[in-house]
Amino acid sequence: MARNPYPDPNDPGYEQEQAAEAARQRRLRIGVGALVLVVIAGLGAWYAVGGGSSNPGTTKHATAPVPKQPGRLISATPYTQGIPGFVRAWKILYTTTRDKGVPAVASGLVMVAQKHPAGPRPVIAWAHGTTGIAEKCAPTGDDDPVALASVPDFTQAIDAGWAIVATDYTGLGTPGPHPYLVGQGEGRSVLDSVRAAHELTDLQLQDKTVVWGHSQGGGAALWAGILAPTYAPSAHVIAVAGIAPAADLPGLVSNISTLAGGQVFAAYVIQAYSEIYPDVKLDSYIKAADRAAVTRIAGSCIADKATLASLDQTVGVTESIYARNPLTGPLGQRLRQNVPNAAIKVPVLIAQGLADTLVLPTVQSAYVAKRCADPANGPLDYETYAGRGHVDIIEPGSGMLPRLLAWTEARFGGAKAPSTC
């Protein structure tokens with residue numbers, strides 16, 4: 001991440017701001033990736049490195065009447081917590097819908113440069129990776145929301161004059177359930193955050209949106225690309241970038257059950273799906289001895305290190321919590337239902353680290369091949385990065401970051417999109 005492009009050494013708060021910025025960069029290098037370190041090295045190692053506030057707060061819910069239409073702004077409040085001094089931010093509450101159109105409220109952040117020339121700004125809709133599934137796990141409730149949301153190349157994106165609209169998704173910061181790896185709910189949260197941001201009275205946004213997402217958010221970004229033409233054409237999505245996207249959910253779920261610490265993700269999946277889908281019964285998939293642990297983990301955020309580490313003591317770091325194959329029965333059917341397989345007509349970039357042990361490169365390549373084989377899809381650029389894992393693909397120094405920025409700038413500029421299909 002680059003330094004603040006607008007430092008003023010004569011500012012009385014200059015030294016404090018620079019120290020705070022250095023701390024933010026250190027947290028970004030850890031960020032959401034702390035949970036993935038559980039998968040790589042076990043819960044004990046993740047506990048040692050830490051990440052995020054130990055007690056993220058919840059969003060204050062709106063008391064004003066809520067509009068019936070999705071994508072409407074309920075409230076917007078200037079937001080400074082954990083926000084660099086060169087950024088202007090608002091915390092927003094807005095209307096959206098869950099799967100099957102059930103009305104809901106979500107929160108998020110809108111961020112722009114303080115000192116950029118006036119005029120409409122193109123939009124980056126950011127979909128963050130896993131932070132947990134409990135209401136308290138929203139980035140906007142954390143001490144450092146930018147780091148927890150792990151916005152890639154945040155400073156460069158802001159300095160380019162782009163507005164970043166970062167949803168918390170429903171159920172994070174607002175009443176649940178959170179649609180964890182549920183495509184419709186996540187994709188709608190992304191699209192409606194953009195529509196709501198356009199209603200801010202003191203900010204002008206262009207009718208151009210590029211959706212970025214990582215991991216869980218990568219899948220959400222792909223779903224946003226699928227849904228945009230029919231659900232939210234006014235979001236004006238012109239391109240989608242999925243970074244290590246959780247796209248092939250059966251492949252992901254079958255993989256995490258074999259990884260050290262993967263039962264954290266497994267607990268999130270089964271708890272969320274059992275809350276959203278009546279036919280998915282937690283007790284029919286989770287061993288009786290592990291059900292209490294699953295409930296405890298489901299109520300914990302990735303920042304709740306001590307609670308998550310207790311799973312190590314409860315079931316061990318290599319033992320699966322599943323009593324039956326999660327790809328069978330209603331859970332397997334619902335996972336397949338939430339794979340983002342439908343057409344995306346706008347350009348798509350999928351970036352994958354070849355050292356990723358969570359979203360496997362072989363699984364991602366197979367997903368990309370299916371997309372390439374469908375003539376209904378727009379151009380797809382599939383790029384792989386040797387030596388990069390699930391987290392460090394979005395960390396400073398990754399070759400993916402300048403490519404993402406250049407690819408996005410070209411989409412905003414109307415250049416023809418490349419395709420590797």
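## Basis of the report

The model is predicted, so local features need pLDDT of at least 70 and side-chain atom pairs count only at pLDDT 80 or more, while totals for chains, interfaces and linings use all residues. Residues are numbered from 1 along each chain as its sequence is written, and side-chain values use heavy atoms, with hydrogens and water left out.

## Overall make-up

The chain contains 15 helices and nine strands. Helices (H or I, at least four residues) and strands (E, at least two) are DSSP runs, numbered from the N terminus.

Of the 421 residues in the chain, 59% are buried. Buried means under 20% relative accessible area, exposed means over 50%, and partly exposed lies in between (1.4 Å probe, protein chains only). A contact means heavy atoms within 4.5 Å. Among the contacts in the chain with a separation of 6 or more, 78% are between residues 24 or more positions apart.

## Helix 9 against helix 11

Helix 9 (residues 263-276) packs with helix 11 (residues 291-298) at an angle of about 85 degrees, and their axes are 9 Å apart. The axes are lines fitted to C-alpha atoms, for helices over the stretch in contact, and angles run from 0 to 180 degrees between N-to-C directions. This angle makes helix 9 roughly perpendicular to helix 11. Angles under 35 degrees count as roughly parallel, over 145 as roughly antiparallel, 65 to 115 as roughly perpendicular, and the rest as oblique.

Helix 9 contributes Val-264, Ala-267, Tyr-268, Ile-270 and Gln-271 to the contact, and helix 11 contributes Val-294, Thr-295, Ile-297 and Ala-298. Seven residues of this contact are nonpolar, two are polar and none is charged. In this grouping Ala, Val, Leu, Ile, Met, Phe, Trp, Tyr, Cys and Pro count as nonpolar, Asp, Glu, Lys and Arg as charged, and the others, Gly among them, as polar.

## Salt bridges

Side chains of opposite charge can pair when their charged atoms come close. A salt bridge is a side-chain nitrogen of Lys or Arg within 4 Å of a carboxyl oxygen of Asp or Glu, and the structure holds seven salt bridges. One of them joins Asp-192 to Arg-195, with the closest N and O atoms 2.6 Å apart. Both residues lie in helix 6 (residues 183-197), three residues apart, about one turn of the helix. Asp-192 is buried because its relative accessibility is 0%, and Arg-195 is also buried, at 14%.

Another salt bridge pairs Asp-283 with Arg-291, where the closest N and O atoms are 3.7 Å apart. Asp-283 is partly exposed at 48% relative accessibility, and Arg-291 is partly exposed at 28%. The side chains of Arg-403 and Asp-381 also form a salt bridge (2.9 Å, N to O). Arg-403 belongs to helix 15 (residues 400-412) and Asp-381 to strand 9 (residues 380-385), so this pair ties together parts that are 22 residues apart in sequence. Arg-403 counts as partly exposed, with a relative accessibility of 26%, whereas Asp-381 is buried at 3%. Through salt bridges that share partners, Asp-381, Glu-383 and Arg-403 are joined into one network.

## Disulfides

A disulfide is a covalent bond between the sulfur atoms of two cysteines. Here the rule is a pair of cysteine sulfur atoms within 2.5 Å, and the count comes to two disulfides. With bonded cysteines counted along the chain, the pattern is 1-2, 3-4.

Cys-137 is joined to Cys-301, with an S to S distance of 2.0 Å. The torsion about this S-S bond is about -90 degrees, so the disulfide is left-handed. Cys-137 lies in the loop between strand 4 (121-127) and helix 4 (145-149), and Cys-301 in the loop between helix 11 and helix 12 (305-315), so the pair ties together parts that are 164 residues apart in sequence. Cys-137 is buried at 1% relative accessibility, and Cys-301 is buried with a relative accessible area of 1%.

Cys-372 and Cys-421 form a disulfide with their sulfur atoms 2.0 Å apart. Its S-S torsion is about -65 degrees, so this disulfide is left-handed. Cys-372 lies in helix 14 (residues 361-373) and Cys-421 in the segment after helix 15, so the bond ties together parts that are 49 residues apart in sequence. Cys-372 is partly exposed at 30% relative accessibility, whereas Cys-421 is exposed, with a relative accessible area of 52%.
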